[in-house]
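Subject: Structure for you to look at

Hello,

Here is the structure I said I would pass on. My notes on what was found in it follow below.

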Amino acid sequence: MTTGCIILAGGAGKRMLSDRPKVLCEVLKKPMLGWVLDAVSEFGFDEVAVITGFGREQTEQFLENRGEIVHTYFQGQQLGTGDAVKQAAEFIGAMDCVCVLNGDAPFIDAKTLRRSLEFHKQSRASVTVITADIANPDGYGRIIRDGDRLSAIREHKDCSPDELEICEVNSGAYWFNSERLLYALPQLSANNAAGEFYLTDCVEIIGNAFAFKSDNPDIVLGANTRKALLELNESARIRVMERLMDEGVNFLSTDGIIISPEVKIGCDTTILPNTIILGNTVIGKNCEIGANSHIEDCTVGDNVILNNVQAYSSTVEDNVKIGPFAQLRPGTVIRKGVKIGDFVEIKNSDIGENTAVAHLTYIGDSDVGRGVNFGCGCVTANYDGINKYRTEIGANAFLGCNTNLIAPVKVGENATTAAGSTITKDVPPNSLVVERSQPKVIENWQKNFKRKKK
Ligand code: UD1
Ligand code: CA
């Protein structure tokens, strides 16, 4: 049996007041559509289709950036979820069974999809709706049951006062027998409170419908407004931290901590307040991250301290201490035992084991050996206004305070630069280089100066 998935992503999301399509609004810095696509890829459908509409180019760009291999169908006018599904009639015809998902309900997961498909097959249903009981059903379609069977889904706007009391709601995720769905779609009418073609009306038209009630109410949560989006962020945020605590990660407080669901953190690591950890980040054991750190797409080893650090697409090996107030820009590798202090920026550079960069330093496009000492205020001048060049610093070199290294340039192993030197030529190993003018001393200057003034 072939299974296809149709993700509805065409809506404008008027209540969100955004220039972007609603499905690109983010939960934990990941567009809601990304969450749905992750669940879909984990499930493993034969084919996937995405219905675009409002902000089509942005949605297509997002799919392309993720390298998604999906069919896209464009819905010219946003006439409702039923009309959106209609755009994929050809796709539906090519599948035995299709799953329809809302692009604005990010917490649907592969496990629920698997279990509900099993249920759908076993009950020989023509349509199975994934539902859940939730505390505040406002805005959701209500599940009207007839015993085990599902007789209808009533949209909030169309509910009678009695129906409004129902707490079992439609998640916006369904399994349809393709043939029956194609039979129902042309029969939909927009004769309802919203004046839209509701996909939910297919349930009554098709008949032989069942509800698969999930015991996890989160899977139904969708966001139509900024307030709902904040609630989704908050619940996802807490869930990620709870999972990490189960894995031995330590939190003194959850204040201001945002961690993407993909992030992996080892046991005995403590995350301090106002720390944001995003993307494909892996952090080892027994680290202290934060306070006030932003770590994105980084690999961090064990026993690392990152205090008030911003780090992007970089690697930090074991036993490193960085901060406070330091930035690692993309392409940086910090080797074992390195110490980096305050107001240091490092970009696209490799910093060798046990090197110390204590304060006020910029290192860009550089290869630094082990055991190097950077005095306060060293700068690699890696850019001449047109091109960027690399700087090489050999093991155990000692850079005096305020050394400028004008790239391309090499400092040999064990070499020393005198404080305040601007190094323009390669420095041989084991040497001392002083590139600064001789002092000119004018004796008794103060006395003469005062006399002239009189
Ligand atoms: C829908 C369901 C409701 C369910 C809820 C769960 C209908 C009629 N109602 O309501 O029963 O409880 O989801 O979250 O389906 N979309 C299009 N084209 C359109 C309209 C919408 O592609 O013309 C897309 C939207 O981008 C969105 C999804 O379909 O991703 C759901 O649309 P939305 O308007 O948010 O439906 P709800 O009112 O939330
Ligand atoms: Ca919605």
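This is a predicted model. Its largest pocket holds about 1,600 Å³ of space. Of the 48 residues in the lining of that pocket, R15, K22, D104, G139 and N224 are the closest to its centre. Two or more lining residues come from each of α3 (81-86), β10 (168-177) and α9. By type, the lining of the largest pocket divides into 18 nonpolar, 20 polar and 10 charged residues.

D104 sits in the loop between β6 (97-102) and α5 (110-122), and N224 in the loop between β11 (209-213) and α9 (226-246), so the pair ties together parts that are 120 residues apart in sequence. D104 has 10% relative accessibility and therefore counts as buried, the cut-off being under 20%. N224, with a relative accessible area of 25%, is partly exposed.

The second largest pocket has about 500 Å³ of space. Its lining consists of 19 residues, and W35, I108, D109, R239 and P261 lie nearest the centre. The elements α1 (32-43), α5 and α9 each give two or more residues to this lining, and α9 gives the most, with six. The lining of the second largest pocket divides into nine nonpolar, one polar and nine charged residues.

Regards

Methods. Residues numbered from 1 in each chain as written. Chains lettered and ligands numbered in written order. Predicted model: local features only at pLDDT ≥ 70, side-chain atom pairs only at ≥ 80, totals over all residues. Heavy atoms only, no water. Helix = DSSP H or I, 4+ residues; strand = E, 2+ residues; numbered from the N terminus. Buried < 20%, exposed > 50% of the residue type's maximum accessible area, 1.4 Å probe, protein only. 1 Å grid on protein atoms, 1.4 Å probe; cavity = no way out; pocket = protein on both sides within 12 Å on 5 of 7 lines; lining within 4 Å. Points joined across faces, edges and corners; volume = space filled by probe spheres on them. Nonpolar A, V, L, I, M, F, W, Y, C, P; charged D, E, K, R; others polar.
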